[in-house]
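Subject: Structure handed over, with notes

Dear colleague,

Please find the structure below, together with its sequence.

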Amino acid sequence: LCSLVSTPSLASQPLPAWQTLEFEQQALWATARSEISIAQLESVENQWQLSASSSVVSNSEDVSLTLRADNGSSIERSRLSRGKNQRLKTYTYHADSVLRERREPGDRDSEDASKWPVSSLISVNYPPALGRRVVTDAYALLPLAGRFLESGDESLEVAVHTDLNFYCVTLSRGEASEVEVDNSLNGRDKVTGKQQARQVVMQVSPIAPQEDKADFSLLGLSGNISLLIAAESGLPVQLRGTALRIGETSIELKSATLREPRT
């Protein structure tokens, strides 16, 4: 189990160098795609808006996450899932609990999902073992990993909330290496060949008690994950981990939109 070491304080920092990332994972039976974007929330200080869309075969998921810019903690999150079953879950984060609202279409399939009938409303208490860790979302690990590399910290420990479960994720530095890349920047510049990359190792362990079956995932990867970040551009170019029905695999960055540098 994860130790009770509190999460180091992170000073407020600017947004990552990227605005949008698009990842792709190819398997024999399907191609999975994910797009993540992050921006400053308009007219609100110290809050970022992260959006993520993922699809594989006929299933898709859209996530919207409002988080604190200084430490990455979740403020509000929504997740719209479409496929065989459709549902919209909205999570509001309080000091000691998460309020989860679930909506399902019923006979209103064509309506805006936010107008679907509420099928459940529950409060999930933070487990005592959570300690003082920041509670965040798996997608937020992407910008937090880049920030961690720029810090002088040896490790960073956060709690990732899924649906009913909480996981301790410890970020540490792995060995630098070369990685083969094939992606495009800003919709026009093709980047191929080997690049030097720094590695962030994410060790994932459940925080007891677990209220549901194991469900931690980042871009379809579970268990411990390695994230390779290009040394020059700061772009996360590859993730390595374990995927359901595939086993050990990697997910590659296919395209990115860079943020305009501040003048």
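The largest nonpolar core has 51 residues, and Met202 and Leu239 are those with the most contacts inside it; a nonpolar core is here a set of buried Ala, Val, Leu, Ile, Met, Phe, Trp, Tyr and Cys residues joined through side-chain atoms within 4.5 Å. Strand 14 (residues 221–230) supplies the largest share of this core, 6 residues. Apart from it lies another core, of 12 residues, with Tyr93, Val124, Tyr126 and Val135 among them. Buried means under 20% relative accessible area and exposed over 50%, with partly exposed in between (1.4 Å probe, protein chains only).

Please keep in mind that this is a predicted model, in which local features need pLDDT of at least 70 and side-chain atom pairs count only at pLDDT 80 or more, while totals for chains, interfaces and linings use all residues. Residues are numbered from 1 along each chain as its sequence is written, and side-chain values use heavy atoms, with hydrogens and water left out.

If its neighbours within four places in sequence are left aside, Leu239 is in contact (heavy atoms within 4.5 Å) with Phe23, Leu142, Leu218, Leu219, Leu221, Ile225, Ser226, Leu227, Thr249, Ser250 and Ile251.

As to the whole, the protein has 1 helix and 16 strands, where helices (H or I, at least four residues) and strands (E, at least two) are DSSP runs numbered from the N terminus. Of the 263 residues in the protein, 46% are buried. Among contacts with a separation of 6 or more, 53% are between residues 24 or more positions apart. The C-alpha atoms fill a box of roughly 50 × 45 × 40 Å, taken along the principal axes.

Finally, Glu175 has its place in the loop between strand 11 (166–173) and strand 12 (177–185), and it counts as exposed, at 67% relative accessibility. Its C-alpha atom is separated by 6.0 Å from that of Gln199, although Glu175 and Gln199 are 24 residues apart along the chain.

With best regards
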